[in-house]
Amino acid sequence: MSLPLSLWLYRLATAGLEPFAPLLLKRRAARGKEDPSRLPERLARSSLPRPPGTLVWLHGASVGESLSILPLVERLRAERPDATVLVSSGTVTSAELLARRLPPRVIHQYVPVDTPGGARRFIGHWRPDLAVFVESELWPNLLLEARAAGTRLALVSAKLSDKSFEGWQARPFAAHQLFSGFDLILAQDSRAAERLASLGGGVAGEADLKFGAAPLPDDAAELERLQSLLADRPLLLAASTHPGEDEIVLDAFAPLADRARLVLVPRHVERGPAIVAQALARGLTVSLRSIAPEASPAQVLVADTLGELGLWFRLADLALVCGSLVPGIGGHNPLEPARLSCPILSGPHVENWLTAYADLSAVEGLALADAGVLAERLAAALAEPAAGRARAERAAAFVEARDAEARAGLTRIIELVP
């Protein structure tokens, strides 16, 4: 394959870097930026064999992209159970998240440093039949080696930042060489579609993989029972709280305890008894769902049970999506309550879901509050429930349309699997 000068120079430069890659990776590991036990993967030296049969490789750079891959993983396992799914990412945080969220028998590997030798070893070892890259994570050596090996290529949820777009515009021949090599490109939005097409990509449509998941399930009989049991007052939900957030939520709720009920769902259910103690210390009546699921409702219900968020989103008059009130967590998925037309409130720390929150904010589909104004926002939600319902309707309509696009996009990706 004849390469444009800029790609030829990139390959030459990265080949020169390869002898120094082990030392650079060890230095990064010393700063906590690499997993020391898995450094060989970053050099494309895997300890795992390639399973026989069809293999689909999905790559997302960091946490946000890795989260967006999960619905595609589920579709592949359901519709192509014969195919092995390999997921790669590039950060320690994303690897930790994927270790918790990936289903059994899905392989995770760190993406190798993009040197010609590393790319050749990675593609030669895993021999992917289809490679799916998410958003803007484009490594030229890996792409060139995959295409040379006959791997089908897809770029999905594709976007280009201003800086990245300007960089590719300055190298038009390299951009055309890479972007024209994809068998399928699905842009994140119309602006991204225009940019990718101008660089030589054959954009087939729009689809954002953050969308496309089904609504969270619920137990219909339990929903009906709780609707009757909790009908006497509005229900405020704090979904997926982390340490440091329970205190903020309970302090904000305490002045409203005679007007509403709080359901607090800890992200890690083993924290239930500690949260009960915090509620009691504030003079609130409290029950623990795992111990007394049939009990008469208290002012605070700590829902320390697994798999019931779909139930609570259907019951709540307002859902505070936690993981967002204190730094260092990055927020949780606001699309889940939106799909169920539940009014959404969130804290400001939503780094893992920035674009989803930006999208919902753009359609005025949610409200935001930090710890200092949370009590005020909760009181406003109780005083003006119609405003919350209107936000929820806008959010639900927006997410429904984007989910349909994403499901169609997932279908097109799966159609590429041999």
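Biologist: In which helix is the place of Glu222?
Modeller: The model is a predicted one. Its helix covering residues 220-229 includes the place of Glu222. That helix is H11.

Biologist: Is Glu222 buried or exposed?
Modeller: A residue counts as buried when its relative accessible area is under 20%. For Glu222 the relative accessible area is 14%, so Glu222 is buried.

Biologist: Which residues does Glu222 touch, not counting residues up to four places away in sequence?
Modeller: Contact requires heavy atoms within 4.5 Å. With residues up to four places away in sequence not counted, Glu222 touches Arg289 and Leu311.

Biologist: How many aromatic pairs does the structure hold?
Modeller: Rings are paired if their centres lie within 6.5 Å. On that basis, the number of aromatic pairs in the structure is five.

Biologist: Are the rings of Trp57 and Phe122 stacked, tilted or edge-to-face?
Modeller: The ring centres of Trp57 and Phe122 are 4.8 Å apart. This pair joins strand S1 (residues 55-59) to helix H6 (residues 116-126), 65 residues apart, and both residues are buried. Because the ring planes lie at 55 degrees, the pair is tilted.

Biologist: What is the arrangement of the rings of Trp57 and Phe133?
Modeller: Here the ring centres are 5.2 Å apart. The pair links Trp57 in strand S1 with Phe133 in strand S4 (residues 130-134), 76 residues apart, and both are buried. Planes over 60 degrees apart count as edge-to-face; those of Trp57 and Phe133 are at 70 degrees, so the pair is edge-to-face.

Biologist: Which residues form one aromatic cluster with Trp57?
Modeller: Trp57 pairs with Phe122 and with Phe133. The cluster that includes Trp57 is formed with Phe122, Phe133 and Phe182.

Note on methods:
Residues are numbered from 1 along each chain as its sequence is written. This is a predicted model: local features need pLDDT of at least 70, side-chain atom pairs count only at pLDDT 80 or more; totals for chains, interfaces and linings use all residues. Side-chain values use heavy atoms; hydrogens and water are left out. Helices (H or I, at least four residues) and strands (E, at least two) are DSSP runs, numbered from the N terminus. Buried means under 20% relative accessible area, exposed over 50%, partly exposed in between (1.4 Å probe, protein chains only). Rings of Phe, Tyr and Trp (its six-membered ring) pair if their centres lie within 6.5 Å; planes under 30 degrees apart count as stacked, over 60 as edge-to-face and the rest as tilted.
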